[in-house]
Amino acid sequence: MLPVNPDRFLADLHHLRTFGAAGVGKGVVRQAFSDPDIAARKWLVDQYAAAGLETRVDPVGSVWGMAPGKSLLVGSHSDTQPEGGWLDGALGVICGLELARAGAEVGVPISAVSFQDEEGRFGVTTGSRVWGGFTSLDEADRLTDTTGTTFAAARARMADMAGDFVDPARFKGFLECHIEQGPWLDKAGEAAGVVSSIVGIRDMRVTFNGEQNHAGTTPMHLRRDAFRGMLRFQEIIADRFRNVVTPETVWTTGHVDLHPGSHSIVPGRCTFSMQWRDGDKDRLERMEAIIRDAIEETAQELGLTADTSEMLALDPVPMDPAFRAALESAAEEIAPGRWRRMPSGALHDATSVAAHMPVAMLFVPSINGISHAFEEDTADADLVIGLHILAQAAQVMAEG
């Protein structure tokens, strides 16, 4: 096992939290390209350099610490949600730093990275998706956040630090450690989860168009209420999904916009988000067929018209079998009987990195399953167990 230092690892993890510390408990506000984010990335550059790594900040703001020769890449992201916790992404970044230090001590080549904008201020895993070749830099530069700021304007704040993109060919694989962000490990009292695959995601907007009219004088049987369309659609898919989905399948409507949005007006337009996730591509496609049929049937039944946006489609990404086996072997040795294989229901940078190289992921428990909130936390003992599992597996991966 690589000679990792748990005390140094925990101290660095807590220090990273000071960049943007906010709210109750261990909350952090460190969105991509904000002052705390840039300060954290400058600190990471210094830590990578002190570990003897070649440092680089690429054009999209991802920070790299590179070992000589062909190496294993370990990391995640250090930006947060608008209100986030101290471990989401940060855990994987500090694991990368600690493993790189330990590797340098014994001549095992391990590099480290903190990708930029994984949390999607401007898009979906923006930094790693550009590096993975899924989004061009020109396309990324046109992305905007909720205030209208462009990605180009935001990354210009780090222009004085930026160099070239890193060649993926210098790495033999990617290892990412992350909090689970769900309840399964915590509820079971288990110490780790070896990820089998990262789920696929489908995401689009649906709009039902009806007839805007007076809420007091329009009889119920004559209304073409766009909001009723959204409610009826939800009923249909909930009924039809029952024979298709598994307990791990999820679907969400997270945003609804009614026009004109008045208490006294029957809404003439209802636009809402529709997202579904699963680890099986065929199931995602079957769900899409149900959704599109339900949209058409709802419109016909209620006298509405319907439109849909372009659909974001990210397919499931399986973990590399050899890397996964190394993690499973390490987990059984360090936490015998207290680990499981499990899919990742959340998107991670490993999804993009898989375009270039083998990838693998390890989860540690999230207390009460909470993440993307100030209350996010994991026991120090579980963090250290995760570090030791990584250290043992990473040596196998780096030397293999």
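A residue is called buried here when its relative accessible area is under 20%. The model shown in these views is predicted.

**View 1. Strand E5 and its neighbours.** Strand E5 covers residues 171-179 and is mostly covered, with 8 of its 9 residues buried. Strand E3 (residues 71-77) pairs with E5 in the parallel sense, over 4 bridges. Within this pairing, Val 74 has Leu 175 of E5 as its bridge partner. E5 is also joined to strand E17 (residues 359-364) by 6 bridges, and these two strands run parallel. Here the bridge partner of Glu 176 is Met 361 in E17. In a regular strand, side chains alternate between the two faces of the sheet.

**View 2. Helix H10 and what covers it.** Helix H10 runs over residues 321-334. At 1.5 Å a residue, its 14 residues should span 20 Å, and the end C-alpha atoms are 20 Å apart, so the two values agree. Asp 320 caps the N-terminal end of H10, with a side-chain oxygen 3.2 Å from the backbone nitrogen of Ala 322. The buried residues of the helix are Phe 323, Ala 326, Leu 327, Glu 328, Ala 330 and Ala 331. The elements that cover these buried residues include the strands of View 1, E3, E5 and E17. Also included are strand E6 (192-198), strand E16 (339-344) and helix H12 (380-399).

**View 3. Trp 64 and Trp 131, one of the aromatic pairs.** A search of the whole structure finds 13 aromatic pairs. In this one, the ring centres of Trp 64 and Trp 131 lie 4.9 Å apart and the planes stand at 55°, so the pair is tilted. Trp 64 belongs to strand E2 (residues 63-66) and Trp 131 to helix H4 (residues 126-132), so the pair ties together parts that are 67 residues apart in sequence. Both residues are buried: Trp 64 has a relative accessible area of 0%, and Trp 131 has one of 6%.

**View 4. Phe 122 and Phe 151, an edge-to-face pair.** The ring centres of Phe 122 and Phe 151 are 5.4 Å apart and the planes are at 80°, so this pair is edge-to-face. The pair links distant parts of the chain, 29 residues apart. Phe 122 sits in the loop between strand E4 (110-115) and H4, while Phe 151 is in helix H6 (residues 151-155). Phe 122 is buried, with a relative accessible area of 4%. Phe 151 also counts as buried, at 0% relative accessibility.

**View 5. The aromatic cluster.** Trp 64, Phe 115, Trp 131, Phe 171 and Phe 174 form one aromatic cluster.

**View 6. Asp 141 and its contacts.** Asp 141 lies in helix H5 (residues 137-141). Its relative accessible area is 16%, so Asp 141 counts as buried. Neighbours within four places in sequence aside, Asp 141 is in contact with Thr 150, Phe 151, Ala 152 and Arg 155.

**View 7. Gly 103 in helix H3.** Gly 103 is found in helix H3 (residues 90-106). With a relative accessibility of 0%, this glycine counts as buried. Apart from neighbours within four places in sequence, Gly 103 is in contact with Leu 2 and Val 108. The C-alpha atoms of Gly 103 and Pro 3 are 7.7 Å apart in space, although the two residues are 100 residues apart in sequence.

Terms used:
Residues are numbered from 1 along each chain as its sequence is written. This is a predicted model: local features need pLDDT of at least 70, side-chain atom pairs count only at pLDDT 80 or more; totals for chains, interfaces and linings use all residues. Side-chain values use heavy atoms; hydrogens and water are left out. Buried means under 20% relative accessible area, exposed over 50%, partly exposed in between (1.4 Å probe, protein chains only). Contact means heavy atoms within 4.5 Å. Rings of Phe, Tyr and Trp (its six-membered ring) pair if their centres lie within 6.5 Å; planes under 30 degrees apart count as stacked, over 60 as edge-to-face and the rest as tilted. Two strands pair if DSSP finds at least two bridges between them. The expected span of a helix is 1.5 Å times one less than its number of residues. A polar contact is a pair of N or O atoms within 3.5 Å; within protein, one must be able to donate a hydrogen and the other to accept it, and residues adjacent in sequence count only if both atoms are side-chain atoms.
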